[in-house]
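Good morning, and thank you for coming. Please look at the structure on the screen while I go through selected helix contacts, the core and several salt bridges.

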Amino acid sequence: MKKRIVPYMFILPAMVLLIIFKIYPIFIAIIGSLFDSGFGGSKAFVGIANYLRLFKDGVFWQSLKVTLLFNIFVNPIQIALALFMALLVNEQVKGINIFRSVYYVPVAISMTVAAVIWGIMLNPNSGIVNSFLGIFGISPQPFLTSQRQALPSIIAITSWKGVPYWMMFLLAGLQGIPKSIYEAAKIDGCNKLNTIFKITIPLLKRSLAFVVISDTITNLLLFSPMYILTNGGPNMSTNVLMYEAYKSAFSYMDMGRAYSMITILLILIFIVVGMQTRLLKADY
Amino acid sequence: MTEKYCYRDKMKRGEIAGKVLIYIILTLVAIVILFPLFWAISSSLRPDEEIFKYVTPFSAKAIFPQNPTIQAYKNLFTVRKFYIPIKNTIIVAVINIVLGCIVNAFAGFAFAKFDFKFKKPLFVLVMLSFMVPFESIAIPLYSLINKLNWVDTYYALLAPAIANGLAIFLFKQFFEDIPDSIIESATIDGAGWMTIFFNIVLPLSVPVTITACLMIFMGQWESFMWPLIAARSTNLKMIQVALTDFQMEHTTLWSELFAASIVTAIIPILFLLPFQKFYVQGVTDAGVKE
């Protein structure tokens, strides 16, 4: 199969579209961050002035702090829960297929729907969650309306939607582990907890690495729950960098600032994913 | 003898207790997952004035509607014209599916069955494009679309979504398993490459095509940030944007908001349910086989 041009004809449409709409915008952001520009208006090269401006900008530092804080908690929580759920539905008990199907349900539900429904459930005055907590004599909580509870609430909501998705990958990984290994472990008198930590998790490394990296990228760029539920508030406590970049571009019309924040986010992703890849020694 | 029996008995009791515990945990997790949806459905069937009336104290009344009505759904599809964003999203998704399957399957075919110069670097480019998440390029992409004068057009919603690194990857994986001999014998028979692709390769690739279709559909159905910035006009509004706009514009029409959420959630579930296996397998393959 050595027809010279044929393969190029086949990849041409996809490559052209990928380069224009997926790769080129990265360069628009990086180059744009070096210019002072409004939308479509005149551009002036300003070097790293946009970045210097950011470094003196309290809002930027606050957004970076929130982004990192959010990620330090949300990723380990989601991955631990996803692993727990995957192990749970990998148990061979009667009716497990029904539970599996139920657990997949949030995969088909958008973040927007999850945010809207949970937003009403977490309403401080008339939300069902506070009503439920009332059974146990817990006084009504402010949830999304308080500076201290807003970010944890968003972590909970995104986990409701996200954990089942990551569970799906880990379950696929678990199902790829030959049963004979477990049988051998059982015969050797290995108890369940030992089996999980000494056999299952090491064999699951590949799937785990994929989930850790993909989950981190997703959460570093998470935008919709903050847009829908808190507008970054209260008092900037949920103002992640992606949301600030969005506001910069579409509310303040300050593209230079937006592009430099996007570039910083891309660098952040690059660093974090690079570190994770090294730590997990996955060969990507 | 007795010792052995005792031991076995203990084991059994331990196993039963373990199983009971597993079922308890399974059920609790299932409740956490299903309750919000169940509650949203239940609330969507209440008249507006009843929505928060019975919330506290927590009781059966708080969970089940007392005077069930489907008025909210009726209003949603008449007064609020919620069918417009549904129609828009389905139009965009269907065009995206047709073009996306062709373009990405073409590329997957080339990567699977040909040797050519720059194959490796081009494939790295494909992988890179799916490692770089869409949100990170949404803002610069907007200026590009703006320059092309595509803001608020179907082009804005479609053009960036057609080529899909993950779909290319899945097609490539699948096509690699199709024996070369089938293709070679067709070439000897004088079939052109387009005939080979459409008449021989694609018919053999139904499962991966279904996966790709579902992925593309879900991508368009769930997309939020991109249509939010690139397609704001009413006659082009996509479903997730319509839902959040509804939430912001009609802050007190609770039952209709719940009805809108349920409609938005249920349509992809109906699409995915019969093909759950294809979707799960296709999506997870990308994570495991990479």
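Let me begin with a definition: axes are lines fitted to C-alpha atoms, for helices over the stretch in contact, and angles run from 0 to 180 degrees between N-to-C directions. Helices are DSSP runs (H or I, at least four residues), numbered from the N terminus. This is a predicted model, in which local features need pLDDT of at least 70 and side-chain atom pairs count only at pLDDT 80 or more, while totals for chains, interfaces and linings use all residues. Residues are numbered from 1 along each chain as its sequence is written, chains are lettered from A and ligands numbered from 1 in the order in which they are written, and side-chain values use heavy atoms, with hydrogens and water left out.

First, the helix pairs. The axes of α1(A) and helix α6 (residues 134-147) of chain B come within 8 Å, crossing at roughly 85°. The two helices are therefore roughly perpendicular, a term for angles of 65 to 115 degrees. Residues in contact (heavy atoms within 4.5 Å) include Phe21(A) and Tyr24(A) on α1(A), and Phe134(B) and Leu141(B) on α6(B). By class, this contact has 13 nonpolar, one polar and one charged residues.

Helix α1 (residues 6-32) of chain A also has its axis within 8 Å of that of helix α7 (residues 154-162) of chain B, with a crossing angle of roughly 115°. Here Leu17(A), Phe21(A) and Lys22(A) meet Ala159(B), Pro160(B) and Ile162(B).

Next, the core. Which residues touch the most other members of the largest nonpolar core? They are Tyr103(A) and Ile139(B), in a core of 194 residues. Such a core is a set of buried Ala, Val, Leu, Ile, Met, Phe, Trp, Tyr and Cys residues joined through side-chain atoms within 4.5 Å. Buried means under 20% relative accessible area, exposed over 50%, and partly exposed in between (1.4 Å probe, protein chains only). Beyond its neighbours within four places in sequence, Ile139(B) contacts residues of chain A, among them Met242(A), Tyr246(A) and Phe250(A).

Finally, salt bridges, each a side-chain nitrogen of Lys or Arg within 4 Å of a carboxyl oxygen of Asp or Glu. Over all chains, there are 12. Glu222(B) pairs with Lys161(A) at 3.9 Å, N to O. Glu222(B) lies in α11 of chain B and Lys161(A) in α7 of chain A, so this bridge joins two chains. Lys161(A) is buried at 12% relative accessibility, and Glu222(B) is partly exposed at 23%.

Terms used:
Parallel < 35°, antiparallel > 145°, perpendicular 65-115°, else oblique. Nonpolar A, V, L, I, M, F, W, Y, C, P; charged D, E, K, R; others polar.
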